[in-house]
Amino acid sequence: MLKPLLLLQAFLFCLLNVVFVGGRLIGGGFSAEKNPFTPKASLVRYWNKEITADKSLRSEFLISKASPLDAVDSATFAKLAAQNSLPTRLPDFCSAANLFCFPDLTPSLEKHNENVKFSVYNQKNFTSYGNGRAAGADSFKTYAGYNGGVDSFRRYSRNAAGHDDKFTVYGERVNVDEKDFNSYGTFAAGGAGDFTNYQKGSNVPVSRFTAYSEGGTGRSQTFKTYTYEANAGNGQSFTSYSKKGNASPNEFASYGDSSNVIGSAFKNYGEEGNGATDTFTSYATGGNEPLNEFKSYGGSGNGAVDTFANYRDKANVGDDTFTSYAKASNAGTVKFKNYGQSYNPGSESFTGYGKGSEAHKISFKTYTPNSTFKDYAKNGVAFAKYNVSFLSATVGDGKTVNKWIEPGKFFRESALKEGTVIPMPDIKDKMPKRSFLPRSIVSKLPFSTSKLGEVKTIFHAGDNSSMEKIISDAVTECERPPSVGETKRCVGSAEDMIDFATSVLGRSVVLRTTESVAGSKQRVVIGKVNGINGGKLTKAVSCHQSLYPYLLYYCHSVPKVRVYEADLLELNSKTKINHGIAICHMDTSSWSPTHGAFLALGSKPGRIEVCHWIFENDMNWAAIAD
């Protein structure tokens, strides 16, 4: 009996020495000191099983995005997901799994009687803060400079007298920044609110100003360089802002300048106000598709003066809606000067504008062609230089281009030749850092527009919150029908991505990505170029990140593409600084005429091929030629 046991022991010892060589699993799996049942170890085994290409070609880049959960936590959260109990452990889940989640802020009732400076500060609920303050100032400088900023200012500076609030470099370059100003400065007398460099360069900024400065007297608000160079997002909503205010000037200067698809909504703004002065200067200048809505703005006001100067100047397209603007007001003055001089014409809709007003003056000077006026005040309105042509820029051959499109974002295939000098766009990943979820968890989570309520519950996304919009936008885009010739799928686990890529390309595949962000926003020299599969037309799968609580990729395959890899060299020294992956779409016939590529390159669908780089953390899969 002893002899068989000794033989079994010897066999197991030999097996361990065969499997683990030098502390690592043969085949390059995981180190011996790590648990083989972690999501990362499981992904390594899955790659080795599903991908038949040489193991030396295995993508450590993809492996690095595996869930950081350990084996115990992975099993625990998978069980909670199956029981629909994840919401009870959301903070723990988000932290352990490296997800993007907003914190659950709890009200703060702390008071302060002295001037306060908040520097490098974040995640705060300011409730009833500064109520009844006399004079003095609070300063928010370099506040909330991180990912996923959520701050709430509720009843802040209410009934204050001569109290100043300064928000300087607030939320700068933050990813998904959400601020709520509810009943801020209500019934305050004098003083000023100053927002300078607010949410500058932020990705998906959202600010809500509800009942802001309502009933205030002589309190001024200034928004300068607000959401400058910001990207996407609902932007700002001003509801009942300065309502019933008295002689309260508001200034919006360089607001939304050079931003990408930022929206603003002004509802019941300045309603029943007296002697209000609002100035919009360089508002949405140079922006891409700015969307602004003015609803019941200045309604029933007295002696208000509104000026729109260089509004939406040199922007790309854009849409504005004015509904019941200055309706039933008295002695109101509205000036539109150099309004909407966009490179590509946008649209404006005026419904019930100035209707029922007395002694009003509304003037349009140098205005745009695509406008609709319905139920509009017939008297007291002047149109000068209306229906002027839109601005445009041209390249050397006379083709119309758009200056807003970042140089180098799109280029022709002929640029991919050694020695060519080209501008490199900003390829830096602006998404919050996240990890995939293990398939054992993501397969148990709802992901459809029909179950948005369940998804919101899991991630504590309130109604009309930024997280609700993030979830809704991602799910809606994933459910969008594919375009002509496109095969698509959204994946929340690395295993799902492998399955999709191999279903399209076969199991002998290589995953590639641009090596780094070196050279971004600079002129670079193209070095050695290699066409994948000999530069022939090929099948490829590209995967682009979507904003979502966990790492989510929109993967798709389109026909007739060529894939290239190229060394990128520093302009002067000609030393290699990066290794980029580019994809060229040879058939653009089904693309929209307003696609950014045609605006940048000056052509039309089907007439040219269009190339672009694979940005940081995006991926390209290609089959290995036989």
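Cys584 has Cys611, in E34, as its bridge partner. The model is predicted: local features need pLDDT of at least 70 and side-chain atom pairs count only at pLDDT 80 or more, while totals for chains, interfaces and linings use all residues. Residues are numbered from 1 along each chain as its sequence is written, and side-chain values use heavy atoms, with hydrogens and water left out.

Strands (E, at least two residues) and helices (H or I, at least four) are DSSP runs numbered from the N terminus, and two strands pair if DSSP finds at least two bridges between them. E33 (residues 576-585) and E34 (residues 610-613) are antiparallel, with four bridges. E33 also pairs with E32 (residues 561-570), again in the antiparallel sense, over nine bridges. Within that pairing, Ile581 in E33 stands opposite Glu565. Five residues lie between the strands of the E32 and E33 hairpin, where Lys574 takes a positive phi near 65°. Of the 10 residues of E33, eight are buried (under 20% relative accessible area with a 1.4 Å probe, protein chains only; exposed is over 50%, partly exposed in between).

Rings of Phe, Tyr and Trp (its six-membered ring) pair if their centres lie within 6.5 Å; planes under 30 degrees apart are stacked, over 60 edge-to-face, and the rest tilted. The count is 10 aromatic pairs. Tyr548 and Tyr550 are edge-to-face because their planes stand at 80°, with ring centres 5.0 Å apart; both residues are buried. Trp591 and Phe598 form a tilted pair, 6.1 Å centre to centre with 55° between the planes, and both are buried. Ring pairs also link Tyr548 and Tyr550 with Phe447 and Phe459 into a cluster.
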